[in-house]
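Look through the sequence and the structure before reading on.

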Amino acid sequence: MKLIYTSILTILAIVSAGAQSPSKVLKQAEKALGGVEALRSVSSITKSGVATRSSDGVTGLYRIESARPNRLNTSSDVVGFEIETGFNGRSSWSRNSRDGLSTLSGASAAGFQASAEYRNNLWLNAKADKSKLTSGGRVKIDGKETNLVILTTAKGLAIKLYFDAVSGLPIRDELPGIDGTEIFDYSDYRNTQGIMQPYAIHLTTGEQQFDIKLEKIEIGASVSRSRFDFPVMSSKPLPDLAKLLSDLRANEERVEDILDSYAYTQKQTMRETGKDGNLRETSSETFQLSFYEGRRIRRLIEKNGKPLSPNDQASADKDAAKRVAEIEKEIEKTEAKAASGNQQGPPSDRGRRVSIAEILRASNLINPRRERFRGRDVIVFDFEPNPAFDLKNAQSMLKFFGKTAGVMWVDEEDKQVARIEAVLADNFNVGGGVLAKLRKGASFTMDQERINNEIWLPSQTDINMSIRVLLVKGLELNQVVKSYDYRKLSTEVKDAKVDEVKKP
């Protein structure tokens, strides 16, 4: 009898939990997120980070901006394929690298507008908007008990909201998108300006899935209305290209001088494709970088995401100091040869940054056109090897770039490069092919970001190439290099001492 009584109580508890009212679930969620007053005070949110495609590990930028009452802009750029969608309160639009720009209509427009309304107001205006809230009962997601609330808009569009049964935090949204339902799974909640925000998102859209790691969330920051407006496709003619390229080269030369005054952190991650076809990270190294007399100084500070041991760090510091001494000796030697008139061949380029200015000198830029790229006006060029460039006497890495072809996005206002995609158009030999040979088709992509309103510097570089080493061994190099935490130095640093490193 006792067993039967206990079982009945258990069943009643389950039924009661499953029948929890939407009002109770949402009140718990509001409290968990920071309180209804805090949620209602949010006028805008900007989130940015990195999206990784689950199928192949390819990464790109991700950004979402919202501003009340119902404006929304989402954008992503994975391997140069850029997608941007916006709603300005009147109309929805979508733009991508393949199909261009178009105004949304029908179900696509209605779905994105519903998402825009939810992103800005959550369920807080449901009653005023004539939306209906119903309970979907208890649902398990990845083994976790959740309470499902279904928000049905006045237009009959259903938005499914899943809340952690214990914490009350949202762990999944199913929202109408322009091409069907989009599923957002949330984790890694952090208190951001008094409101709990998820910094990890797993996005399922159509047949594709992405893992999004947010790096920055700003609440209440001013967002220009133009970010949500239908982009104006300019009919004005291209600028004076000769002057644009002249200014571009001059600016990129200036970048080299400015870069000497910056220190930054760089994480290099090696990846390989497994037997299942998925790309996985295998190892990583993090360096503190600075430049001295145009040469690079690298100080190792982490391996595989962990700080070095005291002994290993001391050794890395010693190597960095040694590199400074080597640079000064190289400079003295070069100056002495130049003074005696015995300078022979190009100076050593060990550790020297191959600049965009040098890539420009080694390339012909063709097929210019206007585009919008990450909210800015750009002139896009194709580029190809310049047959008139003297590759024979060029630095070794510059010889590599002198054999590449690709696409370059140039910010029209700043006259600096925002992005480069390049492919090796011909085999490239190192040491006459004895030391190594890079096979045709090797590729790299470099994104740059605007720093301190004065300079565009690398933010992420993806490298994918096949290399034959010492005529025998073949290697597949797949590497992503992230550069961040740029800091302008007030004085020249020669001893490679650095501040505490910030992780990406």
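## Cavities

In this predicted model, two cavities of 30 Å³ or more are counted. The largest cavity holds about 520 Å³ of space. Its lining is made up of 31 residues, and those closest to the centre are Ile45, Lys47, Arg119, Leu122 and Gln197.

## Lining of the largest cavity

Sorted by class, the lining of the largest cavity contains 20 nonpolar residues, six polar residues and five charged residues.

Which helices and strands each supply at least two residues of this lining? They are the helix α4 (106–121) and the strands β1 (44–53), β2 (59–67), β10 (170–177), β11 (180–192) and β12 (195–205). The element that gives the most is β12, with five residues.

## Pairing of β10 and β11

Three of these strands can be followed through their pairing. β10 and β11 run antiparallel to each other and pair over six bridges.

## Pairing of β11 and β12

β11 also pairs with β12, again in the antiparallel sense, over ten bridges. Within this pairing, Pro198 in β12 is the residue opposite Tyr189.

β11 and β12 form a hairpin as well, with two residues between the strands. In this hairpin, Gln193 has a positive phi near 55°.

How values were computed
Residues numbered from 1 in each chain as written. Predicted model: local features only at pLDDT ≥ 70, side-chain atom pairs only at ≥ 80, totals over all residues. Heavy atoms only, no water. 1 Å grid on protein atoms, 1.4 Å probe; cavity = no way out; pocket = protein on both sides within 12 Å on 5 of 7 lines; lining within 4 Å. Points joined across faces, edges and corners; volume = space filled by probe spheres on them. Helix = DSSP H or I, 4+ residues; strand = E, 2+ residues; numbered from the N terminus. Nonpolar A, V, L, I, M, F, W, Y, C, P; charged D, E, K, R; others polar. Pairing = 2+ DSSP bridges.
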